[in-house]
Amino acid sequence: MAESLVLIPGLACTARLFEPQIAALGAGRTIVVADHTLDDSIAAIASRLLRAAPDRFALAGLSMGGYIAMEVMRQAPGRVERLALLDTSARPDTPEASQDRERLIALAQAGRFEEIHAVLWPRLVHPDRRGDADLQAVLLEMMRETGAEAYIRQQRAIMARPDSRTSLPVIEIPTLVLVGEGDAVTPVEIAREMAEMIEWASLVVVPGAGHMSTLEQPDRVTHALQLWLKRD
């Protein structure tokens with residue numbers, strides 16, 4: 001039996017974010033998708049994840065999921081056997097980013113939740129995928145499933161997240177840092193910064209992908225995860 005794998009989706013995303021990877025990696029392996037909708041702090045989400053997770057597991061998170069994964073590494077590093085940080089950042093929110101989040105929260109609170117998708121869509125995918133109606137429909141469906149109340153909690157948690165850069169050098173497990181080459185939210189230089197801080201990290205830049213790399217280039221991301229899961 002292969003080691004268990006815990007996946008953490010991004011903001012306003014569900015298990016569907018990892019649907020191609022779950023299909024490819026699930027044979028002979030327990031896969032758990034963390035619930036990050038019920039708490040309004042990264043620490044509380046990580047604590048909930050740890051209560052539901054197997055004793056030992058591989059851990060992968062995308063975007064907000066990466067913020068949570070780094071908090072899991074602070075709370076219970078001995079339980080994580082390997083770590084994958086996908087399209088994420090170890091840096092805290094900038095004042096400008098927090099202002100943007102407050103504007104999106106205001107839309108959600110005003111009953112204009114679905115307008116947020118139109119605002120974010122161009123930032124979330126590679127420029128070549130902006131006309132992909134099927135992919136856009138998947139992201140909108142995940143957002144609707146998340147709902148406005150959970151979305152607001154998630155944004156509050158993200159805004160208050162700590163600077164994780166100081167905790168990266170103590171990570172001593174096989175680590176994958178992966179980023180879409182066209183990621184406008186957490187660009188390649190942010191991923192490179194994280195990879196350089198973790199001694200056991202490998203950096204993978206995915207061609208033709210933006211911030212939603214698992215859905216934009218599922219085969220390439222799955223291959224990178226397969227190699228990561230086999231690393232000693």
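## Ala 44 and its helix

Ala 44 has a relative accessibility of 26%, so this residue counts as partly exposed (buried is under 20% relative accessible area, exposed is over 50%, and partly exposed lies in between, with a 1.4 Å probe and protein chains only). The residue sits in helix α2, residues 42-52 (helices are DSSP runs of H or I of at least four residues, strands are runs of E of at least two, and both are numbered from the N terminus). Between the C-alpha atoms of Ala 44 and Glu 71 there are 9.5 Å, with 27 residues separating the two along the chain.

A word on the model: it is predicted, local features need pLDDT of at least 70, side-chain atom pairs count only at pLDDT 80 or more, and totals for chains, interfaces and linings use all residues. Residues are numbered from 1 along each chain as its sequence is written, and side-chain values use heavy atoms, leaving out hydrogens and water.

## Two helix pairs

Helix α3 (residues 64-75) crosses α2 at roughly 70°, and the two axes come within 9 Å (axes are lines fitted to C-alpha atoms, for helices over the stretch in contact, with angles from 0 to 180 degrees between N-to-C directions). That makes α2 and α3 roughly perpendicular, therefore (65 to 115 degrees; under 35 is roughly parallel, over 145 roughly antiparallel, and the rest oblique). On the α2 side the contact (heavy atoms within 4.5 Å) includes Ile 42, Ala 46 and Leu 50, and on the α3 side Tyr 67, Glu 71 and Gln 75 are among the residues involved.

Then there's helix α4 (residues 95-109) with helix α7 (residues 148-159): the angle is about 165° and the axes are 10 Å apart. So α4 and α7 are roughly antiparallel. Among the residues that meet are Arg 101, Leu 104 and Ile 105 from α4, with Tyr 151, Ile 152 and Gln 155 from α7.

Strand β5 (residues 175-180) has six of its six residues buried, so the rest of the structure largely encloses it. Thr 175, Val 177 and Val 179 point one way, while Leu 176, Leu 178 and Gly 180 point the other. In a regular strand, side chains alternate between the two faces of the sheet.

β5 runs parallel to strand β4 (residues 80-86), joined by four bridges (strands pair if DSSP finds at least two bridges between them). It also pairs in the parallel sense with strand β6 (residues 201-206), over six bridges. Leu 178 of β5 stands opposite Leu 86 and also opposite Val 204 in β6.
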